[in-house]
Amino acid sequence: MRVTSVRMDESKLHRLDALAKTMGQSRGQVIGEAVDRFIEYHEWFLDAVETGIRDADAGRIVAPEDVKAAFAAWGVDVG
């Protein structure tokens, strides 16, 4: 495992330390978990965008009126 450093303002550092204490974890553990979640989310998001682009390029799209009808069936007014 390699070591890196992060700069943050005092206010954020105090909040981080308070959270770590409440969770019974070290500052490094909390930061590591946050970075893991950040990476996982953005990998998922970018994959979903690429899948959507491929689907659109292949003509697999839903007409806007069909989307509105589906939301209306759930009682959501999309205007």
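Mentor: Residues are numbered from 1 along each chain as its sequence is written. This model is predicted, so local features need pLDDT of at least 70 and side-chain atom pairs count only at pLDDT 80 or more, while totals for chains, interfaces and linings use all residues, and side-chain values use heavy atoms, leaving out hydrogens and water.

Trainee: At what angle do H1 and H2 pack?

Mentor: Helices here are DSSP runs (H or I, at least four residues), numbered from the N terminus. Axes are lines fitted to C-alpha atoms over the stretch in contact, and angles run from 0 to 180 degrees between N-to-C directions. Helix H1 (residues 10-23) packs at about 100° to helix H2 (residues 27-57), with axes 9 Å apart. The two are therefore roughly perpendicular, a label for 65 to 115 degrees.

Trainee: Which residues of H1 and H2 meet?

Mentor: Contact means heavy atoms within 4.5 Å. From H1 come Leu13, Leu16, Asp17, Leu19, Ala20 and Met23, and they meet Arg27, Val30, Ile31 and Glu33 of H2.

Trainee: How far does H2 reach from its first C-alpha to its last?

Mentor: The expected span is 1.5 Å times one less than the number of residues. H2, with 31 residues, reaches 45 Å, close to the 45 Å expected. Just after H2, Gly59 has a positive phi of about 85°.

How values were computed: Angles under 35 degrees count as roughly parallel, over 145 as roughly antiparallel, 65 to 115 as roughly perpendicular and the rest as oblique.
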